[in-house]
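Please look through the sequence and the structure shown here before reading on.

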Amino acid sequence: MAYYMLTEDKVVDYIKGVPELSSVLGSFDSLEVKEIGDGNLNYVYVVKNAKDPSKTAILKQAVPFLRCVGEDWPLPKERMRFEIAALKKERELCPGLVPDVYHASDEMCLVVMQNLDRHKVVRGEIIAGKRFPRLAKDLGEFLAKTLFFTSDLYLDHRTKKEEVAKFINVDLCKITEDFVLTNPFEASDTNKYNPALDTRHIDAVQKDPAVKAAAAEMKYAFMTQAEALLHGDFHLGSYMANETETFVIDPEFAFYGPIGFDVGKTISNLLLAYISQDYRRKAAGEDPVPFRTWLLEQTKTVWDVFESMFLSLWAEHRDRNDPLYWAYEGGDGHAAAYRARFMRKILSDSLGFAGCSMIRRTLGLAKVADIAGIEDLEARAECDRQALEIGKRLLVGRDTIGSIDEVVGIARAVSPLR
Ligand code: SR1
Ligand code: MG
């Protein structure tokens with residue numbers, strides 16, 4: 001089928017051409033469709049059977065431009081192929097944490113999947129002060145499993161390279177290379193600054209040689225370190241959750257890149273939420289300390305769960321590729337020391353990418369609503385300054401910060417709990 005762009009009134013006709021969807025949606029005669037996409041790239045439709053609303057699905061279609069900018073910014077719609085392949089791989093590795101795919105079409109650049117209508121997008125809920133009991137543990141598990149089982153620590157030499165080739169996601173990687181790892185660090189026209197943020201704070205990023213070199217190093221790592229299949233856009237808007245479940249959605253940026261990229265995105269987004277909640281809880285008439293403390297605990301838990309699960313998976317599978325390598329007296333200790341160095345490098349990369357992410361969400365085009373949604377521009381500028389300062393410290397100090405506790409310490413020093 002040749003590609004055409006769907007609209008609310010065309011979705012039902014498309015679905016009628018896919019008979020197997022009746023097992024999910026029931027009769028096609030009473031379907032209702034609403035466009036609900038609020039992301040930067042795609043169109044998202046919720047489809048419901050009006051006679052039985054439990055029969056429902058989400059249809060997501062990529063369009064040949066960047067939605068948040070408009071048709072003037074072309075972007076290959078074929079990016080959907082990566083999202084479909086990544087959703088399937090992630091669901092295979094983490095069945096309880098990824099929505100079910102009911103139907104996918106490479107030609108129409110769309111996917112029809114489970115409607116998570118008992119779950120909410122985490123960012124909006126965290127902005128409102130809601131806690132999710134399982135979130136950090138589930139994210140740590142998702143990171144450990146997806147990143148370990150797609151790495152050379154698990155896959156054989158041929159499969160790994162074939163998988164890397166399958167996920168050469170040139171155009172979406174270019175968005176990250178530009179909008180996360182370059183433009184926020186220079187006087188780019190694409191940047192957007194809070195007018196209440198003094199220029200000297202922007203210069204203190206864009207003209208600081210240590211920051212510049214560190215950001216350039218992280219960009220080079222992003223472009224060259226094909227370690228594992230990344231989600232690629234692992235922020236609070238890519239999680240849907242409730243009290244008992246967490247789902248990870250939207251992996252259209254998936255590609256083989258540095259493990260620390262996904263881990264760092266989670267850390268940075270939780271820290272941006274932490275910064276914003278001093279103002280937000282107070283504005284809601286609440287003491288901000290308990291919720292902000294919870295956000296710091298989640299930051300630590302994500303890393304701790306990721307690290308311990310990744311190491312357990314590695315221990316379980318470590319004889320898979322090199323059964324002889326550490327097989328000598330004392331070899332177990334040497335192997336443990338190597339694994340500790342390996343995890344130290346992942347922490348360093350994670351902090352470098354977390355720093356870039358905090359800076360890009362402050363100076364770059366795409367913001368986080370946690371901070372950018374604060375209407376009082378002076379209050380927002382205080383959050384911006386803290387985000388830049390924590391971001392710079394993580395980015396420049398990534399090789400000397402030795403633990404996630406130190407990261408939490410930096411966050412508390414720059415943005416005190418009060
Ligand atoms: C133009 S920047 C668009 C951003 O939206 C996505 O969610 C990614 O974070 C990307 O960088
Ligand atoms: Mg997205």
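Predicted model: local features only at pLDDT ≥ 70, side-chain atom pairs only at ≥ 80, totals over all residues.

If neighbours within four places in sequence are left aside, Tyr193 is in contact with Ile202 and Leu363. Ala85, by comparison, is 108 residues from Tyr193 in sequence, and the C-alpha atoms of Tyr193 and Ala85 are 36 Å apart in space.

## The shell around ligand 1

Around ligand 1 are the residues Asn40, Leu66, Ile175, Thr176, Phe179, Val180, Asp233, Leu365 and Ala366. Helix α7, made up of residues 170-179, contributes the most to this shell, with three residues. Sorted by class, the shell around ligand 1 consists of six nonpolar residues, two polar residues and one charged residue.

## Helix α10 and its two partners

Two packed helices are described by the angle between their axes and by the distance between those axes. Helix α10 (residues 259-283) packs with α11 at an angle of about 175 degrees, and the axes of the two helices are 8 Å apart. Since an angle over 145 degrees counts as roughly antiparallel, α10 and α11 are therefore roughly antiparallel to each other. On the α10 side the contact includes Val263, Ile267, Leu270 and Tyr274, while on the α11 side Phe291, Leu295, Val302 and Phe306 are among the residues involved. The residues of the contact between α10 and α11 divide into 12 nonpolar, four polar and three charged.

Helix α10 also packs with helix α14 (residues 377-396), here at an angle of about 150 degrees and with the axes 10 Å apart. That angle makes α10 roughly antiparallel to α14, and the crossing in which α10 passes α14 is right-handed. Leu271, Leu272, Ile275, Ser276 and Tyr279 of α10 meet Ala379, Cys383, Gln386, Ala387 and Ile390 of α14. By class, the residues of this contact between α10 and α14 are eight nonpolar and two polar, with no charged residue.

## Helix α11 against helix α15

Helix α11 (residues 289-317) has a further partner in helix α15 (residues 404-414), and the axes of α11 and α15 come within 10 Å and cross at roughly 160 degrees. This angle makes α11 roughly antiparallel to α15, and α11 passes α15 in a right-handed crossing.

From α11, the contact is made by Leu296, Thr299, Lys300, Trp303 and Asp304, and from α15 by Ile404, Asp405, Val407, Val408 and Ala411. The contact of α11 with α15 comprises, by class, six nonpolar residues, one polar residue and three charged residues.

## Two loop residues with positive phi

Cys109 has a phi near 55 degrees, which is a positive value in a residue other than glycine, and Cys109 is found in the loop between β6 (101-105) and β7 (110-114). Cys109 counts as buried, because 24 C-beta neighbours lie inside 10 Å.

Asp250, although not a glycine, has a positive phi of about 65 degrees. The loop that holds Asp250 lies between β11 (246-248) and β12 (255-257). Asp250 counts as buried because of its 24 C-beta neighbours inside 10 Å.

Note on methods
Residues numbered from 1 in each chain as written. Chains lettered and ligands numbered in written order. Near = placed C-beta within 6 Å. Helix = DSSP H or I, 4+ residues; strand = E, 2+ residues; numbered from the N terminus. Nonpolar A, V, L, I, M, F, W, Y, C, P; charged D, E, K, R; others polar. Contact = placed C-beta atoms within 7 Å. Axes fitted to C-alpha atoms, helices over the stretch in contact; angles between N-to-C directions. Parallel < 35°, antiparallel > 145°, perpendicular 65-115°, else oblique. Left-handed = near helix turned anticlockwise from the far one by under 90°. Buried ≥ 20, exposed ≤ 12 C-beta atoms within 10 Å, placed from the backbone.
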